[in-house]
Amino acid sequence: MTWQDDRFEHYLREFQPLKPRGFPWQTRRLPEWLRRLAAAAVVTVVLGTSLWFATHPSERGKTEIVTNGALVPEQKATGASLSLLPLTQLAVSDPVRLDAQLAAASRRVLPDFRGERSTLRVLAKE
Amino acid sequence: MSYKRKALATGDPLEPKKLTGEDVRLLYDRHGPALLAYACSFVADTGIAEDIVHQVFVKLLQGETAMPEVPVAYLYRAVRNTALNARRNGFRDAPLDHATSWLVHRGGNREAALALQAALIELPEEQREVVVMRIWSGMTLEEIASAAGVSLNTIASRYRYALEKLRERLKPYEKG
């Protein structure tokens, strides 16, 4: 290397290459163990949530049988509700008790055709 | 400076260890601009050249390539091969656009910058590589020889020939 080379090198260094745009470091893949851990966490959360909803049915999860008070004046319990999950469990464990419970519920919820002011009597007058 | 950090900055061989994200980031910060200039000497568009450089670093980061013994040498080889592939595949069929600036003169002499770009493009690849490594990657001739896997004399000759050609082309600008 001569002094002329050094001088020319110095001159060349006056030229600077453009800086490349920022490298997308966020595209780095997570380590395998971390990805597995994240997947396990997601599965746990989903299962936990499902289990919680299964064991703690919300009001929205219940089937409501609501009758119209104007048409059925003898209704005894407005807004009485029957929960599907307990009934299903009962159907599996004790079908006889389920029948009894459904019969009781029907007397409470459905229109009474036997009373003084039964639906049939109201219809007959019309 | 630690052994590993020095090896990443220069062309020294690294012991066969896996590069961490931080190592790759250091390489990118240190050699990114020089590699971009190198890629620009193969393809017409600086955007394409940036994509090529990014592609090489992404592969390095994702561990898709065998661990290079000399990371800097690997980077130059990979950028060169990727750029040549891109050109071969018709990624850019257009001739090199000499009006696109990928070198900027500190004093704002754009004509000189374009003349230097053109002169670099005309250099044989191995001479061009030595110039870019020496001038913009800041490597010594010994480090370049180690990275390229050739003798110091060969590298020194390539460099000397390259400087002669560049000096000739830039003579009108150097004095001004």
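Some ground rules come with it. Residues are numbered from 1 along each chain as its sequence is written, while chains are lettered from A and ligands numbered from 1 in the order in which they are written. In this predicted model, local features need pLDDT of at least 70 and side-chain atom pairs count only at pLDDT 80 or more, whereas totals for chains, interfaces and linings use all residues.

**Confidence**

The model has an ipTM of 0.78 and a pTM of 0.58. For pLDDT (the predictor's confidence in each residue, from 0 to 100), chain B has a mean of 83, with 80% of its residues at 70 or more. Chain A averages 75, and 63% of the residues score at least 70.

**Where the chains meet**

Counting contacts (C-beta atoms, placed from the backbone, within 7 Å), 29 residues of chain B touch 19 residues of chain A. On chain B, α2, α3, β1, α5 and α8 each supply at least two residues of that side, and α2(B) gives the most, with eight. The chain B side has 17 nonpolar, seven polar and five charged residues; here Ala, Val, Leu, Ile, Met, Phe, Trp, Tyr, Cys and Pro count as nonpolar, Asp, Glu, Lys and Arg as charged, and the others, Gly among them, as polar.

A strand pairing (at least two DSSP bridges) also links the chains: β1 of chain A (residues 15-17) and β1(B) run antiparallel over three bridges. Within it, A:Phe15 has B:His105 as its bridge partner.

| Helix | Axis distance to α8(B) | Angle |
|---|---|---|
| α6(B), residues 125-135 | within 9 Å | roughly 90° |
| α7(B), residues 141-148 | 9 Å | about 115° |

The α6(B) angle makes that helix roughly perpendicular to α8(B), a label for 65 to 115 degrees. Residues of α6(B) including B:Val130 and B:Val131 meet residues of α8(B), among them B:Tyr159 and B:Ala162. That contact has six nonpolar, one polar and three charged residues.

For α7(B), B:Leu141 and B:Ile144 are among the residues that meet α8(B), where B:Leu152 is one of the partners. The α7(B) contact has eight nonpolar, no polar and one charged residue.

Notes:
Two residues are in contact if their C-beta atoms, placed from the backbone, lie within 7 Å. Helices (H or I, at least four residues) and strands (E, at least two) are DSSP runs, numbered from the N terminus. Axes are lines fitted to C-alpha atoms, for helices over the stretch in contact, and angles run from 0 to 180 degrees between N-to-C directions. Angles under 35 degrees count as roughly parallel, over 145 as roughly antiparallel, 65 to 115 as roughly perpendicular and the rest as oblique.
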